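Reader: I have a sequence and a model on the screen and would like to learn how to read them. Could you take me through the features one by one?

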Amino acid sequence: MITSPARSPQRRTEHAPTPYVDLSRDEWSALRDKTPLPLTADEVERLRGLGDVIDLDEVRDVYLPLSRLLNLYVQATSGLRGALNTFLGDAGNGHGAQRGTPFVIGVAGSVAVGKSTSARILQALLARWPEHPRVELVTTDGFLLPMKELRARGLTSRKGFPESYDRRALTRFVADIKAGKDEVTAPVYSHLIYDIVPGERLTVRRPDILIVEGLNVLQPALPGKDGRTRVGLADYFDFSVYVDARAEDIETWYLSRFRKLRDTAFQDPSSYFRKYTQVSEEEALDYARTMWRTINKPNLMENVAPTRGRATLVLRKGPDHKVQKLSLRKL
Ligand SMILES: Nc1ncnc2c1ncn2[C@@H]1O[C@H](COP(=O)(O)OP(=O)(O)O)[C@@H](O)[C@H]1O
Ligand SMILES: CC(C)(COP(=O)(O)O)[C@@H](O)C(=O)NCCC(=O)O
């Protein structure tokens, strides 16, 4: 009788090799070493986004070790740049190699996962290190196409998807900062009017560290029309963080934030969402649920989550918003 070969139990338990080392919150928090906590509870409160749960314990256990790691990375990267400058000598002139090149950090994750809070806490902590006091934070929403343009392209229900951005301008913006240009400007997005603010620009002036936060910052570049590989935004990153959580938890956070915004920001007469203060809470939440299910969740599944494996560090949050597990790229 022919029997199929039994699978050895050893084979079944074999894991695929991973470039990450997984750490529990406790293991990670022990790595802060003796780094002092430079923020007060009041400062943390001010940096916190609506609906986000973050306190001094979270800053101490999760973000202090990260600021220590980043400080080590900044110094090591600067050493590498020095080596490159020595190698290039005069040949590097005019290619930005001689100028103080900022260290660039990408922060990615779904809508409502709390990436803005993570990015703001990191900015505040990193700015306390004497080696790199000038830390700028930029969100990618300034590079969304204006509503008029989204309408013309039939993209109004694709806001936040890669095609809803001027990706070339975003990449150029970061490339210019990294090349050491004295002043680089970007358009400004307003959640209030749900659109780009006409005529407004933000200016970035030679920071030591630049944090770029947004849904799609880890997306690879699309190939050019001629099939050639283009340089993408993430190619300029020296380090990247992906803020991760279960989609069901993020939906709950999105809905509870919508409920809070309905009581606050949406009340503003110029708010695009004011109409949801005029209907019942149930109707407003139905709308928010539709936004989540038809725009933000599909974008998370199709575009954002697939980029998680490109991050240097993945912060995995539990249902209470607290980071439970971290995966750090070691290879
Ligand atoms: N409709 C809105 N009106 C006002 N503020 C908003 C609105 N939607 C989101 N925000 C705020 O904008 C910021 C970015 O939100 P979002 O892109 O969902 O990313 P995240 O929650 O991961 O930081 C958050 O601080 C959030 O509170
Ligand atoms: C502005 C956003 C696209 C996020 O932009 P980001 O800064 O991540 O590039 C997002 O917060 C948003 O408004 N999405 C549209 C759907 C919604 O309002 O939920």
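Reader: Where is arginine 206 found?

Author: Arginine 206 is found in the loop between β5 (195-204) and β6. Keep in mind that this is a predicted model.

Reader: What is phi of arginine 206?

Author: The general idea is that most residues other than glycine have a negative phi. In arginine 206 phi is near 40°, a positive value in a residue other than glycine. Another case is alanine 112, with a positive phi near 70°.

Reader: Is arginine 206 buried or partly exposed?

Author: The way to decide is to count other C-beta atoms within 10 Å: 20 or more means buried, 12 or fewer means exposed, and partly exposed lies in between. Arginine 206 has 17 C-beta neighbours inside 10 Å, so it counts as partly exposed. Alanine 112 counts as buried because it has 25 C-beta neighbours inside 10 Å. The place of alanine 112 is in the loop between β2 and α5.

Reader: Now the sheet. In what order do the seven strands of the open sheet come?

Author: Strands of a sheet pair through backbone hydrogen bonds, either parallel or antiparallel. Here the order is β1-β9-β8-β7-β2-β6-β3, and the pairing is mixed.

Reader: Which strands stand at the edges?

Author: β1 (20-24) and β3 (135-139) do. Each has a single partner strand, so one side of each has no neighbour in the sheet. On average, neighbouring strands of this sheet are turned by 20° against each other, direction ignored.

Reader: In which sense do β1 and β9 pair?

Author: β1 and strand β9 (residues 323-329) are antiparallel, over five bridges. To find this pairing on the screen, look for tyrosine 20, which stands opposite arginine 329 in β9.

Reader: In which sense does β8 pair with β9, and in which with β7?

Author: β8 and β9 are antiparallel, over five bridges, whereas β7 and β8 are parallel, over four bridges. Leucine 313 stands opposite leucine 328 in β9.

Reader: How many residues lie between the strands in the hairpin of β8 and β9?

Author: Five residues lie between them, and in this hairpin histidine 321 takes a positive phi near 80°.

Reader: Why is β8 largely enclosed by the rest of the structure?

Author: Four of the five residues of β8 are buried, so the rest of the structure largely encloses this strand.

Reader: Which strands does α5 lie across?

Author: Helix α5 lies across β2, β3, β6 (209-213), β7 (239-244) and β8 (313-317). The helix runs at about 175° to β6.

Reader: Which residues come nearest to ligand 1?

Author: Of the 14 residues around ligand 1, the nearest are Gly49, Val111, Lys115, Ser116 and His191. The elements that give two or more residues to this shell are α5 (115-126) and α8 (247-263). By class, the shell has seven nonpolar, five polar and two charged residues.

Reader: Which residues are around ligand 2?

Author: They are Val111, Thr139, Thr140, Asp141, Lys159, Gly160, Gly214, Leu215, Met291, Ile295 and Asn296. Helix α9 (residues 281-304) gives the largest share of this shell, three residues. The shell around ligand 2 divides into four nonpolar, five polar and two charged residues.

Reader: Where does valine 111 lie, and what does it touch?

Author: Valine 111 lies in the loop between β2 (103-109) and α5. Leaving out residues up to four places away in sequence, valine 111 touches Gly160, Leu215, Tyr254 and Asn296. Valine 111 is buried, because 20 other C-beta atoms lie within 10 Å.

Reader: And where is lysine 115 found?

Author: Lysine 115 is in helix α5. With 24 other C-beta atoms within 10 Å, lysine 115 is buried. Its contacts, again without residues up to four places away in sequence, are Val107, Ala108, Gly109, Glu213 and Val243.

Reader: At which residues does UniProt place the feature "binding site"?

Author: The unreviewed UniProt entry places this feature at Gly109, Ser110, Val111, Ala112, Val113, Gly114, Lys115 and Ser116. The UniProt annotation "domain: Phosphoribulokinase/uridine kinase", also from an unreviewed entry, covers residues 104-256. Over residues 104-256 the chain is 26% helix and 25% strand, with the end C-alpha atoms 32 Å apart.

Technical notes:
Residues numbered from 1 in each chain as written. Chains lettered and ligands numbered in written order. Predicted model: local features only at pLDDT ≥ 70, side-chain atom pairs only at ≥ 80, totals over all residues. Near = placed C-beta within 6 Å. Nonpolar A, V, L, I, M, F, W, Y, C, P; charged D, E, K, R; others polar. UniProt positions renumbered as here; feature names shortened; annotations may be inferred. Contact = placed C-beta atoms within 7 Å. Pairing = 2+ DSSP bridges. Axes fitted to C-alpha atoms, helices over the stretch in contact; angles between N-to-C directions.
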